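Here's a quick briefing to read with the model open beside you.

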Amino acid sequence: MKIGIIGSGYVGLVTGACFAHLGHQVLCVDNDVKKIEMLKRGKSPIYEPGLESMLKENIRRKRLSFATKVDRATRQCEILFICVNTPPKMNGEADLSFVENVSREIARNLKDYRLIVEKSTVPVQTGEWIHKTIKQIQASESLFDVASNPEFLREGSAIHDFLNPDRVILGVSNARAEKILRKLYAPLKANLVVTDLKSAEIIKHASNSFLATKISFINAVARVCDATGADINNVALGMGLDPRIGPSFLNAGIGFGGFCFPKDLSAFLRMSERLGVRFDMLKEALTINDEQKKYFIQKIENTIWNLTDKTLAVLGLSFKPNTDDIRYAPAIDIIRELQHEKVKIRAYDPEAMTRAKQELRDVKFCRNAYETVRNADALLLMTEWDEFVDLDYKRIKKLMRHPVLFDGRNALNPAEMRKIGFKYCGIGRG
Ligand code: UGA
C-alpha cells in the first residue's frame with residue numbers, strides 16, 4: 001500500500017521505516033529541508049537503535065522516500081498518517097496548530113479518496129476537528145475518512161515495539177476505514193482492537209497517564225520505605241507478582257521524564273477539566289514526580305552536608321537509557337537545581353552529550369565514566385545505561401575523593417557497593 005507520513009520526527013520516522021520494512025511503499029514528509037536532505041542520505045536525525053540501518057535498507061530497496069511538501073503525499077498516497085508535533089502550551093494543553101495546518105493542506109490537495117490517520121498523541125475529539133476542518137475546505141465526505149491509530153512505542157526500543165505490538169488500536173468511524181487499516185497491518189499479525197475514534201484517542205492518553213501514575217505511586221511508596229527502613233525493591237517485587245498489578249513500571253527512582261509522560265499527563269488533565277471532569281489524581285502524579293527530584297537533592301544534602309563548592313559526578317543525562325533524548329529528563333532538572341547551590345558538575349552520557357551541551361552551562365563534560373568521577377565528592381547515577389551498571393566500581397572508588405554513591409535509579413546492588421566501600425544511597429532502600 002502507498003503510505004504518506006506527515007511529520008518525520010520520532011514517531012513519524014519509526015512508523016515510516018517500519019511500514020517500509022513490512023513491504024509498503026512509504027513517503028515521509030517534513031517541512032524541515034535540512035532534515036529531509038539528511039534522511040535522503042540515510043542519516044537518522046535521532047538516535048534510536050536499529051533505525052538508521054532500517055532507513056538505509058528501505059531506501060536501497062526503493063520502498064522509502066522523502067519529501068518536503070504535503071501535497072505530494074496527498075496526491076500519491078492512499079493513507080496519510082499525521083505524525084506532527086503536539087507540544088504543550090503554557091497551560092499544559094496540547095498545541096494542535098500543526099495538526100490543523102496539515103489537515104488544511106491535505107484538504108486543499110484532495111482529489112481522490114484518502115484515509116487520514118492521526119498518529120500524533122492528541123486529546124479526545126481531535127479526530128472530529130480534523131474531519132470538520134477538511135470538510136469545510138473540501139465538502140465531499142466521500143473523498144476521505146479520519147481514523148485514529150495511536151502509537152505505544154518506547155524510545156530506545158521503538159522498532160521492536162512497532163514490530164511486536166501488544167495491541168494495535170484502530171479507531172474508525174466506518175467499515176471502509178477499518179478495512180484499509182486491517183489490510184495495512186495484516187503483515188504484523190497483531191492483536192487488532194477496533195474502536196470508535198474517540199475511544200482510541202482516550203486509550204492513548206489514559207495509557208500514558210496510567211503508567212505515569214503507577215511510577216509516581218511507587219515513588220511515593222519508596223519514600224515510605226526510606227522513612228521506615230523497608231526496601232522498595234522487595235515491596236515492588238511482592239506487589240508486582242499479583243497479576244492485577246503486574247511488575248512493570250514499579251521501578252522507583254528520580255521520576256519519569258521524556259516528551260511523552262509529562263506532556264500527556266498535563267494534556268489529559270487539562271482536557272478533563274475542560275470537560276468538567278475532576279481528575280486530581282493526575283495532578284498529584286505530576287506533583288509527586290516534581291517532588292521526587294527535590295527529594296533526591298535533599299538526600300544528597302542530608303548525606304554530604306553543604307553543597308557549595310562540592311564536585312558531583314553525574315552519570316546519565318538522557319531521560320532513560322538507549323536514547324539521546326533529554327527533554328524533561330530528571331537529570332537535567334537536578335543538575336540545574338544543584339548549580340543554584342554552587343555545586344561543580346562533571347557529567348557523562350553515552351549518547352546525550354551533544355544535546356546536553358546545548359542545554360547546560362558550566363558543566364565539565366567528560367569522555368567516559370572514569371574521567372567523570374575523578375576527585376568527585378559524590379557520584380550521582382541518573383540514567384541506568386547498561387555500561388554504568390557494568391562499570392568497575394572498585395576503580396571508580398579509587399578515583400573519587402569521597403566514595404559516596406547516589407543511585408537515582410536503584411540500578412546497583414547496595415550490598416556489593418557497600419562491600420567495595422561506598423556509602424550507598426538508593427531511592428526507598430532504607
Ligand atoms: C512512553 C510509553 O511507555 C510508550 O508506550 C508511549 O508510546 C510513549 O511514551 C509515547 O507516548 O510516545 P517513553 O516516553 O519512550 O514511552 O518511555 P518509558 O519507557 O515509558 O519511560 C518514561 C519515563 O518513566 C522514563 O523517564 C523512565 O526512566 C521512567 N520510568 C519508567 C520510571 O521511573 N520507572 C519505571 O518503572 C518505568
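This is a predicted model: local features need pLDDT of at least 70, side-chain atom pairs count only at pLDDT 80 or more; totals for chains, interfaces and linings use all residues.

**Around Ala230**
- Ala230 has a relative accessible area of 29%, so it counts as partly exposed, since that class runs between the 20% and 50% cut-offs.
- Leaving aside residues up to four places away in sequence, Ala230 touches Cys225, Gly428, Arg429 and Gly430.
- Gly428 sits 198 residues from Ala230 along the chain, yet their C-alpha atoms are 7.3 Å apart.

**Who surrounds the ligand**
- There are 20 residues around the ligand, and the ones that come nearest are Glu151, Leu153, Glu155, Lys204 and Asn208.
- By type, the shell splits into nine nonpolar, seven charged and four polar residues.
- Domain 1 (2-195) and domain 2 (227-425) both give residues to this shell, so the ligand lies between them.

**Polar contacts and burial**
- The side chain of Glu151 puts an N or O atom 2.8 Å from an oxygen atom of the ligand.
- For Arg409, a side-chain N or O atom is 3.2 Å from a ligand oxygen.
- Leu250 uses its backbone instead: an N or O atom there lies 3.4 Å from an oxygen of the ligand.
- On its own the ligand would expose 710 Å², and the protein buries 92% of that.

Methods. Residues are numbered from 1 along each chain as its sequence is written. Side-chain values use heavy atoms; hydrogens and water are left out. A residue is near a molecule or strand if one of its heavy atoms lies within 4 Å of it. A polar contact is a pair of N or O atoms within 3.5 Å; within protein, one must be able to donate a hydrogen and the other to accept it, and residues adjacent in sequence count only if both atoms are side-chain atoms. Accessible areas come from the Shrake-Rupley method with a 1.4 Å probe; for residues, only the protein chains shown count as cover. Ala, Val, Leu, Ile, Met, Phe, Trp, Tyr, Cys and Pro count as nonpolar, Asp, Glu, Lys and Arg as charged, and the others, Gly among them, as polar. Domain bounds come from an automatic or database domain assignment. Buried means under 20% relative accessible area, exposed over 50%, partly exposed in between (1.4 Å probe, protein chains only). Contact means heavy atoms within 4.5 Å.
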